[in-house]
Amino acid sequence: MATLSNYTLSSIPGPVSKPAYNRSRLTEGIVHFGVGGFHRAHQAMYLDRLMNAGKAHDWAICGVGVLPGDARMKKVMDSQDCLYTLTVKHADGTRQAGVIGSITSYLFAPDNPEAVIEKMASPAIRIVSLTVTEGGYNFHHVTGKFNADNPDVVHDLQPEAAPRTTFGLITAALARRRQRGLAPFTVMSCDNIQGNGDVAREMFTAFADLKDPELGEWVRGNVPFPNSMVDRITPVTTDEDRLTAVREYGVEDAWPVVCEPFEQWVLEDHFSLGRPPLEDVGVQLVADVEPYELMKLRLLNASHQGMCYFGRLAGYTYAHEAAQDPLFARFLLDYMNKEATPTLEPVPGIDLDSYKQTLIDRFSNEHIRDTLARLCAESSDRIPKWLLPVIRTNLERGGEIHRSAAVVASWARYAEGLDEQGNTIDVVDRIKEPLMAAAARQRQEPLAFLSNRQVFGDLADNELFIRAYSEALNKLHEGGARATLGSLASQP
């Protein structure tokens, strides 16, 4: 069985689409940090789509890995000429597969940080993009400020240090461009963070200030950091996905990508050295991303939290199992219609009713097999950003909060570490220990979980929220997840 490569492309069966462009004639205009499944199902896919249309051939991607675990991706990308298969799994069971060719090289920074810096300092590179997850931005989870005490950051701030971090590498490249009289590239965050461009600006300028105050001022005044909203469910690659590539495509792909049909990218049109014509392949270029961002965070992301804890407690494993349950689907739609939507401003060009129904349909796609465990992970980072703003806004406006408060209660019950069948739950969270310790006391101390001020702030002092939360937690303890959802369904 042949490994996927430029040489074996011609042997892949006809139904699998392949690059219609000559990859050897592409030139790289983008360096991307964090070449995971989402990037390859999203940004790289959009670029490939443009290239197949005869456009953006000077915007190929050079991928970069910074973390030790990225060595595996380096090995795969080198062995496959940076090619990979992307399979779109439709709800009716049909699959749409293609080989993506827009990534043309991959650098592993720990092996050669100088090569990464020099690549970004090249005049051809006009965008440096990021999907490094929220943790990759190195901000303090309480203050929101740049964490200068991070040991790798401390290392990178030393004179003549070979950079270990994304901050050190990118800032070194910007400094080199400044010295050479070259305009700076755009730093484009594609991470699922509210105000991702604003966060990137604050963190990178904070690092640059510490490295060299003059450089910090130059970065602050000259480097664009556009905001964006990105969306596509992309599950972790499984061994079954690898076997499918062999059985159906006739090639060995060590790291294929699977995803849902839905895709969305809303991008602030703010670039220093131009950009690919992304609007030609469905990207929404806008002046203000925030309405779209809040729509996604409060409808999609918060709804994920709305079903994952209840679903896991009730014994479900996958998102589609919960979403296909009429009781869960009604709960999610009631949350979206009665609690989340009233906190949103108008979203230009979006039919919110259609969008909300689309979310239920997406969650229900059994072929994606998105796990509830994935959605439950790192809740202490997710709930405060996605759900608690809905609660706070509705409390200020006299709106409904019972369903949102019940989601918080379901998280508290989940953090006890056992589902309703007595099975152990593996809680994954950066503050797992204090969360689980508080949850263990809450049958005797009903507000123990809310006592974490770093997570809940002053919500624990709000009588309306406490009442709604306590009612839901009591119902969860007495009757379980389904009984709790049923009681909420009977409310107006």
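Select strand β1 (residues 28–33) together with β2: the two run parallel and are joined by five bridges. Strands, like helices, are DSSP runs numbered from the N terminus (strands E, at least two residues; helices H or I, at least four). Two strands pair if DSSP finds at least two bridges between them. This is a predicted model, in which local features need pLDDT of at least 70 and side-chain atom pairs count only at pLDDT 80 or more, while totals for chains, interfaces and linings use all residues. Residues are numbered from 1 along each chain as its sequence is written, and side-chain values use heavy atoms, with hydrogens and water left out.

Within this pair, phenylalanine 33 has valine 64 of β2 as its bridge partner.

Buried means under 20% relative accessible area, exposed over 50%, and partly exposed in between (1.4 Å probe, protein chains only). Strand β2 (residues 60–65) is thus mostly covered, with six of its six residues buried.

**Second stop: helix α3**

Select helix α3 (residues 70–79) and show the side chains of Met73, Val76 and Met77, which are buried. These residues lie on the same side of α3, because they cover an arc of only 95° around the axis; the arc is that of the directions from the helix axis to the C-beta atoms. Among the elements that cover the buried residues of α3 are α1 (37–41) and β5 (103–108). After α3 comes aspartate 81, whose phi is positive, near 55°.

Move to aspartate 212, in the loop between α7 (196–211) and α8 (213–222). Aspartate 212 is partly exposed, with a relative accessible area of 30%. From C-alpha to C-alpha, aspartate 212 and serine 102 are 35 Å apart in space, and they are 110 residues apart in sequence.

Select β8, β10 and β11, which form an open sheet in the order β8-β10-β11 with mixed pairing. Its edge strands, β8 (228–231) and β11 (284–286), each pair on one side only. Strand β10 (residues 264–268) runs parallel to β11, and three bridges join them. Leucine 267 stands opposite leucine 285 in β11.

How many disulfides does the structure hold? There are zero, a disulfide being a pair of cysteine sulfur atoms within 2.5 Å. Cysteine 259 is in no disulfide, and the nearest cysteine sulfur, that of cysteine 190, is 16 Å away. The sulfur of cysteine 376 is 3.5 Å from the closest cysteine sulfur, in cysteine 308, which is too far for a bond.

**Last stop: the nonpolar cores**

A nonpolar core is a set of buried Ala, Val, Leu, Ile, Met, Phe, Trp, Tyr and Cys residues joined through side-chain atoms within 4.5 Å. In the largest, of 74 residues, Leu299, Met307, Val408, Trp411, Phe449, Phe465 and Tyr469 touch the most other members. Helix α10 (residues 290–314) gives the most to this core, with 12 residues. Apart from this core lies another, of 38 residues, including Val35, Ile100, Val230 and Val283.

Technical notes: Contact means heavy atoms within 4.5 Å.
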